[in-house]
Amino acid sequence: MKTKHLSKNSWVSLSFTLLMLALVFGVNGIPSYDVLEEKTGTLEWFEEIGKRKNTLRFKLNEHDQMFVYHSVGGSLSIVKEALNKDGAALTIAYDPNDSDSAIWEFEDFHPVYQVISNGRLVKSYRSVAAKYNSNSDLAVWLLIAGLLSSVICFGIDWNVLRDGN
């Protein structure tokens with residue numbers, strides 16, 4: 001069978017499968033806790049971005065780095081409340097080796113994996129890691145679904161081609 005005999009469904013399922021394959025094997029996942037650095041300070045500025053305002057960006061007065069907390073970490077409203085508490089002493093654990101910025105932005109935002117406000121653990125590394133890992137598990141299942149749909153679509157295309165000859 002030649003590529004010109006493949007249906008649009010086959011091409012779409014193959015593209016989806018390749019995308020999921022790249023995600024499953026190309027993304028390093030969450031860094032280990034040993035790699036993270038901690039910074040302590042008070043909030044200088046804060047913003048919510050994204051279509052649904054589900055990404056929190058902020059900066060601490062005492063440090064030059066800027067940080068980002070993604071909704072995939074969970075408990076977005078609790079983290080937002082802890083960050084915005086007036087005069088709160090914040091301690092965050094972030095990945096200094098990772099920058100989560102779009103190519104058209106000229107600032108680096110480092111992903112945050114743990115938040116402590118006034119000595120109270122708001123979001124732990126363990127719970128954030130569990131959320132990220134559940135997303136990775138979903139990607140594996142989507143890869144399997146993509147593989148199955150590709151096999152089915154290729155089988156249908158092959159039967160159509162065989163019946164047409």
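## Terms and basis

A residue is called buried when its relative accessible area is under 20%, exposed when over 50%, and partly exposed in between, using a 1.4 Å probe and protein chains only. By that rule tyrosine 33, at 37% relative accessibility, counts as partly exposed.

The model is predicted, with local features needing pLDDT of at least 70 and side-chain atom pairs counting only at pLDDT 80 or more, while totals for chains, interfaces and linings use all residues. Residues are numbered from 1 along each chain as its sequence is written, and side-chain values use heavy atoms, with hydrogens and water left out.

## Aromatic pairs

Rings of Phe, Tyr and Trp (its six-membered ring) pair if their centres lie within 6.5 Å, and planes under 30 degrees apart count as stacked, over 60 as edge-to-face and the rest as tilted. The count by this rule is 4 aromatic pairs. In one of them, the ring centres of tyrosine 33 and tyrosine 125 are 5.3 Å apart with the planes at 65°, so this pair is edge-to-face.

Phenylalanine 58 and phenylalanine 67 form a tilted pair, with 5.6 Å from centre to centre and 35° between the planes. Phenylalanine 58 is buried at a relative accessible area of 1%, and phenylalanine 67 is buried at 0%. Together with Tyr94, Phe58 and Phe67 form one aromatic cluster.

## A charge over a ring

A charge sits over a ring if NZ of Lys or CZ of Arg is within 6 Å of the ring centre and within 35 degrees of the ring normal. Arginine 57 lies over the face of phenylalanine 109, at 3.9 Å from the ring centre.
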